[in-house]
Amino acid sequence: MGKNDVTNTVGENDNENENLNLFTSTQIVIHDALKKLGFTENAFEILKEPVRMLRVRIPVRMDDGSVKVFTGYRAQHNDSVGPTIGGIRFHPKVTEDDVKALAMWMSLKCGIADLPFGGGKGGILCNPRTLSFGELERLSRGYVRAISQIVGPTKDIPAPDMYTNSQIMAWMMDEYSRLRSFDSPGFITGKPIGLGGSEGREEAGALGAAICIEEAAKIRGLSIKGARVIIQGFGNAGSFIAKFMHQSGAIVVGISDVYGALYDPDGLNIDYLLQRRDSFGTVTSLFDGTISNEELLEKECDILIPAATSNQITAKNAHSIRAKIIVEAANGPTTIEATKVLSERGILLVPDVLAGAGGVTVSYFEWVQNKQGYYWDEKEVRDKLRKKIVYAFQQIYEISNNSNVNLRVAAYMVGVRKMVEASEFRGWI
Ligand code: NAD
């Protein structure tokens, strides 16, 4: 199994799995999926780490005249199918292992949505809340200069992620165009519409998750109209999902942010909450009588949507979850151990690599539109997204039934297959 020996960790001491970082847990599930598909250990050797990982130091002139040096990363997991693609996050706690795991997830999402890409991811250690507009611009441009040798529209295509937005994508695209002295909108996705961005890109991640919610509800014979929904996190993902669920007639009974949770069994006033949330996805501090995030996760509901952060459903609370369906809109909200408990309890859990594949799918659409110089309207983008996500969902559900594995392992099986086959054709395995 190679020196990482992830298989030895599986099952040897199940409680230890709760403490694994996202990178190691991702390796474990990839290994499981490869085994189920009958691929050799060589396949795991090639997929267990990104093929390329660049660490850069970025000097930035601060507003007070001093120079501060920031650390950044860009990981490219696997480029056997095509160029790599994936977001850039600005975060004070982003680690090299996080970026590696996120690049691997992007590969899986590309496989699941059948896109002609492998996964990439970038990150800069910084606290964007403390940076001025000018400092953010200089940092964004500095990052592009630092990674410019390994990225490009036919090599590795960045996109927005946590705390990065269309303005940051615009600065990055402009910097890349200056370096290459030609206009290259396809270098990056998630741009403003006026600079070659795609209709529907901003809410694509949430729409992909909402489509998965509808598919999961059909399987459980549940109508979305009147279904009781709890959403953890009210940021970009959570708030759009709340809006879509509310528009579809679901009753959103609980939402939360990092400071606490709101719960009302009769339904919350979603329009009001959407109006009052700030740009960081905070709203609960405006209310008295909030409950904790831990309490919210254990409230009874039909559909629970973790849309905040990783490691929220663990071996500690998995037995107390009272939802029929869980759809992971956040990356890595459920640990391996909790996934096992939930499947044993018959709770349908739609994994992050499937529920979160909407964002990269519309990034692909943006890249295609940039290449052809012909732009689609929102309906066309949404219809094409729905077709891809519904197909991926049904394929994964069928594999899960036929191979008797949970939806997470089935999703990984679909996610790795094309990469392994492409690597075999290239003679890498
Ligand atoms: P965001 O920063 O816009 O919002 C995060 C929300 O979660 C905020 O409301 C914040 O207060 C809350 N939060 C943070 N830590 C929390 C904690 N410990 N407990 C409870 N709430 C907490 O981020 P986002 O773009 O909405 O992304 C959220 C998650 O979804 C991430 O895992 C991200 O990678 C993933 N994501 C999902 C999509 C999608 O739409 N499916 C798209 C991009 C990212």
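A residue counts as buried when its relative accessible area is under 20%. In this predicted model, Tyr-364 has a relative accessibility of 18% and therefore falls in the buried class. Tyr-364 belongs to helix 14, which comprises residues 358-372.

The ligand is surrounded by 21 residues, of which Gly-205, Ala-206, Ala-237, Gly-281 and Asn-331 are the closest. By residue class, this shell consists of 10 nonpolar, nine polar and two charged residues. An oxygen atom of the ligand is placed 2.8 Å from a polar backbone atom of Ala-237, and a ligand oxygen atom is 2.9 Å from a backbone N or O atom of Phe-234. A nitrogen atom of the ligand, in turn, is found 3.3 Å from a polar backbone atom of Gly-205. The ligand taken alone exposes 850 Å², and 82% of that area is buried by the protein. Two or more residues of the shell are contributed by each of helix 8 (204-219) and helix 9 (236-247).

The model contains 27 salt bridges. One of them joins the side chains of Arg-89 and Asp-161, with an N to O distance of 2.5 Å. This pair connects distant parts of the chain, 72 residues apart: Arg-89 is in strand 3 (residues 84-91), and Asp-161 is in the loop between strand 5 and helix 7. Both Arg-89 and Asp-161 are buried.

A further salt bridge, at 2.9 Å from N to O, is formed by the side chains of Arg-408 and Glu-328. Because Arg-408 lies in helix 16 (residues 407-425) and Glu-328 in the loop between strand 10 (325-327) and helix 12 (336-344), the pair ties together parts 80 residues apart in sequence. Arg-408 is buried, at a relative accessible area of 8%, and Glu-328 is likewise buried, at 0%.

Within helix 15 (residues 378-403), Lys-384 and Glu-380 are four residues apart, about one turn of the helix. Their side chains meet in a salt bridge of 2.7 Å, N to O. Lys-384 is partly exposed, at 31% relative accessibility, as is Glu-380, at 30%. A network of salt bridges links Glu-137, Arg-141, Arg-145, Asp-174, Glu-175 and Arg-178.

Met-162 is located in the loop between strand 5 (156-160) and helix 7 (166-180) and is partly exposed, with a relative accessible area of 32%.

Technical notes. Residues numbered from 1 in each chain as written. Predicted model: local features only at pLDDT ≥ 70, side-chain atom pairs only at ≥ 80, totals over all residues. Heavy atoms only, no water. Near = heavy atom within 4 Å. Polar contact = N/O pair within 3.5 Å; in protein donor to acceptor, adjacent residues only side chain to side chain. Areas by Shrake-Rupley, 256 points an atom, 1.4 Å probe, with all protein chains shown as cover. Nonpolar A, V, L, I, M, F, W, Y, C, P; charged D, E, K, R; others polar. Buried < 20%, exposed > 50% of the residue type's maximum accessible area, 1.4 Å probe, protein only. Salt bridge = Lys/Arg side-chain N within 4 Å of Asp/Glu carboxyl O.
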